[in-house]
Structures are given as structure tokens and as C-alpha cells.
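Grab a pencil and let's work through a few exercises together. Each one has a task and then a solution in steps.

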Amino acid sequence: GDVLSDKADDFIRRSAGGAEPFFLQVSTYAPHEPYTPAPRHADAFPDIQAPRTPSFNAEDVSGKPSDIRYNPPLSEADIQDIDSVHRLRVQSMQAVDEMIERLMNTLDELNLLDNTYIFFISDNGFHLGQHRMKPGKAHQYEEDIRVPMIVRGPGIPAGMSVDNFLTANIDFPPTIAELAGVIPPEYVDGRSLVPLLKN
């Protein structure tokens with residue numbers, strides 16, 4: 001995360017003086033396995049637990065598909081492992097959080113913040129003990145398919161929440177193209193999310 005932070009900051013500073021707008025995509029490895037936090041965050045969140053959602057270690061899975069239906073309840077050791085994974089994931093994201101703050105400050109320092117769209121997104125959700133499943137992301141459940149997206153930029157009202165529309169990652173390219181004033185080629189799938197962001 002720290003290396004990416006340095007590179008992203010340098011790219012913004014080098015691009016800021018140009019006449020053309022710039023696009024920067026920063027894809028961090030965190031919080032992927034092995035969930036390695038920066039050394040400065042290795043002791044953070046000593047008591048954190050994975051969220052105990054209603055489906056966490058569900059008592060009744062009789063109505064689930066067979067790959068779930070025959071899973072035994074999670075053991076105490078399983079739950080300790082899940083909590084450990086959650087803690088490491090949260091710890092590893094602290095450097096990402098610091099990077100975002102740094103890049104926001106750089107954009108502000110260069111007087112670019114008010115004219116910049118910033119998207120914070122992920123590629124997938126993640127389950128941690130829901131439906132008796134050990135940590136992972138390859139199932140059809142809400143925990144795996146719901147992905148957070150936070151957007152700020154010109155014309156986007158602060159504090160607005162849009163959470164009831166079905167969208168997908170393929171919608172990001174047409175969204176960014178519209179914000180940039182570019183018409184994407186016909187072979188690009190997806191639909192622009194700009195009407196949702198601005199209304």
C-alpha cells in the first residue's frame with residue numbers, strides 16, 4: 001500500500017500541470033490473502049470480531065443448496081480463525097485508508113479536488129462465517145455479491161445514498177466515459193451510473 005501511495009502521489013503531481021485531464025486507477029492488493037498489514041498496524045484492533053450477522057453460523061441451513069446444507073456448524077476454532085482473518089483484513093486496510101487521505105490532500109493542495117471525481121469501489125464482497133461458510137467470496141449470497149461504491153466529485157450531492165439499484169462492475173467504464181465527456185465504443189457493455197449519482 002505504501003509503495004502504491006508513493007507512485008499514485010507522484011503521478012498526480014506530474015499530471016497536475018498538464019492541459020489534459022488525467023485518469024488514475026489504484027488497485028491495492030489489500031485486503032487479499034495473506035492479509036498482511038503494514039508493520040505499524042500489526043497491533044491494531046486487538047478485540048475486533050467478524051460481524052455476527054443473522055446468518056453467521058446459521059442454526060438452520062436445511063433449505064440451502066447441498067454444498068451449504070451439509071456443512072457442520074462452525075467450531076470455536078473456526079470462529080477464532082474467522083475473527084483472525086477479519087482482524088488482519090481490517091488491519092491491512094489501514095494503509096489503504098492512509099493512502100486515500102494522502103491523495104485527497106495532494107489533490108486539495110494542487111487545487112484539483114473540487115474538479116476531480118473519486119470512486120472507491122471493490123471487485124467483490126466477502127463472507128466471514130455467514131451460512132456456516134469459512135472466509136471466501138465465490139458464492140451467490142448477498143455478502144459476496146454486494147459491493148460498496150462511494151463516489152465524490154462535481155455535481156454529486158454530499159450525503160446522498162443510492163442503494164436500491166442493481167448495477168455491476170461493467171457499468172464503471174461507461175460511467176467514467178460520460179463524466180469525461182467521451183462516447184465509449186459500441187462494444188463496451190454496461191450502462192452509465194451518472195443519472196444515479198447526480199439525481
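**Exercise 1.** Is V162 buried, partly exposed or exposed?

*Solution.* This is a predicted model, where local features need pLDDT of at least 70, side-chain atom pairs count only at pLDDT 80 or more, and totals for chains, interfaces and linings use all residues. Residues are numbered from 1 along each chain as its sequence is written, and side-chain values use heavy atoms, leaving out hydrogens and water.
- Recall the cut-offs: buried is under 20% relative accessible area, exposed is over 50%, and partly exposed is in between (1.4 Å probe, protein chains only).
- V162 has 40% relative accessibility, so V162 is partly exposed.

**Exercise 2.** Work out how the rings of F11 and F22 are arranged.

*Solution.*
- A pair of aromatic rings is described by the distance of the centres and the angle of the planes.
- Rings of Phe, Tyr and Trp (its six-membered ring) pair if their centres lie within 6.5 Å; planes under 30 degrees apart are stacked, over 60 edge-to-face, the rest tilted.
- Searching the whole structure turns up one aromatic pair.
- The centres of F11 and F22 are 5.9 Å apart with planes at 80°, so this pair is edge-to-face.
- F11 counts as partly exposed at 24% relative accessibility, and F22 is partly exposed too, at 30%.

**Exercise 3.** Which residues does S5 touch, leaving aside neighbours within four places in sequence?

*Solution.*
- With 5% relative accessibility, S5 is buried.
- Contact means heavy atoms within 4.5 Å.
- By that rule, S5 meets M99, R102 and L103.
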